[in-house]
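Reader: Thanks for sitting down with me over this one. Could we go through the model together, a few residues at a time?

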Amino acid sequence: MGKTYGLSSAHDNYGIYAGISLSSDITSDIGKMILDDGDFELYVWWRIGLRTGGRKNAIATMIWSRVNFDEKNDDGSESFKLEQHETKDPRGQYHIGVNGEWKVKYPPMDLKKLLLEWKSKCENPKFLWFRDGGSDLENRINATRVGITMSKKLRTYYERVKDRVDPLTYQYMCRMPSHLMRHTLAQHMKDAGMTNEEIADAFGWRTPEIVGTWYTKTSEKKKKELGVRCSKVIF
């Protein structure tokens, strides 16, 4: 319970990383470098992380049956829905033998096109990244292997842009290469004007307090705007 509401000491070492993220220019450049190197699998992993905010294991255990390419909006226009199984907050929903919760997300349409292309190339009928191992244990091992491999690959690209980020961001890039995508999503959404509540609802955080305390910071621009508004309050 304490971990859920940010009261556990487990967060102490990570509070300093609230607000770290990669700029749009850097995320774009990393993506281009990955594609130039011909690693389409890693590129799909990269874009899923940036556009859904899923944790490493949630991305690694994704299955095609939980990706709905035929979703429609209320007005009949094209939409897109996927679900990722998060285990941080167990809610009695089991996937490959692990208690967790299916988080429903509606990513942008460009990710739909990317996943359709990946589905045609990967030839895995069940999981996005590996063939069904035949047992929960084997599939958990496969998912762990995929997460470790992708994170190691990302570190090599982070090294190419380390002179473009501050020391704290670089430290986190090395420490949690895949989780940085989750931080980047949260901060970009906040900078775009989404509230902590909206970010939590859209991308699967248990509470808005977690978003505001451990993942994001208010931008200097927003602080200046708030300062102007506060100056007009007479008391």
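Reader: Let me start with a simple one: is Tyr 215 buried or exposed?
Author: A word on the basis before the answer: this is a predicted model, where local features need pLDDT of at least 70, side-chain atom pairs count only at pLDDT 80 or more, and totals for chains, interfaces and linings use all residues. Residues are numbered from 1 along each chain as its sequence is written, and side-chain values use heavy atoms, with hydrogens and water left out. Buried means under 20% relative accessible area, exposed over 50%, and partly exposed in between (1.4 Å probe, protein chains only). Tyr 215 has a relative accessibility of 7%, so it counts as buried.

Reader: How many aromatic pairs are there?
Author: Rings of Phe, Tyr and Trp (its six-membered ring) pair if their centres lie within 6.5 Å; planes under 30 degrees apart are stacked, over 60 edge-to-face, and the rest tilted. By this rule, the number of aromatic pairs is ten.

Reader: What kind of pair do Trp 45 and Trp 129 make?
Author: A pair of aromatic rings is described by the distance of the centres and the angle of the planes. For Trp 45 and Trp 129, the centres are 5.4 Å apart and the planes meet at 65 degrees, so the pair is edge-to-face.

Reader: How many residues apart are these two, Trp 45 and Trp 129?
Author: Helices (H or I, at least four residues) and strands (E, at least two) are DSSP runs, numbered from the N terminus. Trp 45 belongs to helix H2 (residues 40-52). Trp 129 is in the loop between helix H4 (109-122) and helix H5 (136-160), so the pair links distant parts of the chain, and the separation is 84 residues.

Reader: Which charged residue sits over the ring of Trp 205?
Author: A charge sits over a ring if NZ of Lys or CZ of Arg is within 6 Å of the ring centre and within 35 degrees of the ring normal. At 3.9 Å from the centre of the Trp 205 ring is the charged end of Arg 182.

Reader: How many of the 13 residues of H2 are buried?
Author: The expected span of a helix is 1.5 Å times one less than its number of residues. For H2 that should be 18 Å, and its end C-alpha atoms are 18 Å apart, which agrees. H2 is mostly covered, and its buried residues number eleven.

Reader: Which residue has a side chain joined to that of Arg 66 by a polar contact?
Author: Arg 66 is in the loop between H3 and strand S1 (67-68), and it is partly exposed, with a relative accessible area of 28%. Its charged end sits over the ring of Trp 102, 4.0 Å from the centre. A polar contact is a pair of N or O atoms within 3.5 Å; within protein, one must be able to donate a hydrogen and the other to accept it, and residues adjacent in sequence count only if both atoms are side-chain atoms. At 2.7 Å, the side chain of Arg 66 makes such a contact with that of Glu 83.

Reader: Which residue's backbone oxygen does the side chain of Lys 103 reach?
Author: Lys 103 lies in strand S4 (residues 98-105) and is buried, with a relative accessible area of 9%. At 3.2 Å, its side chain reaches the backbone oxygen of Gly 204.

Reader: Last one: at what distance does the side chain of Thr 216 reach the backbone oxygen of Val 211?
Author: Thr 216 is in the loop between H9 and helix H10 (220-231), where it is buried, with a relative accessible area of 2%. Its side chain makes a polar contact of 3.3 Å with the side chain of Lys 190. It also reaches the backbone oxygen of Val 211, at 2.9 Å.
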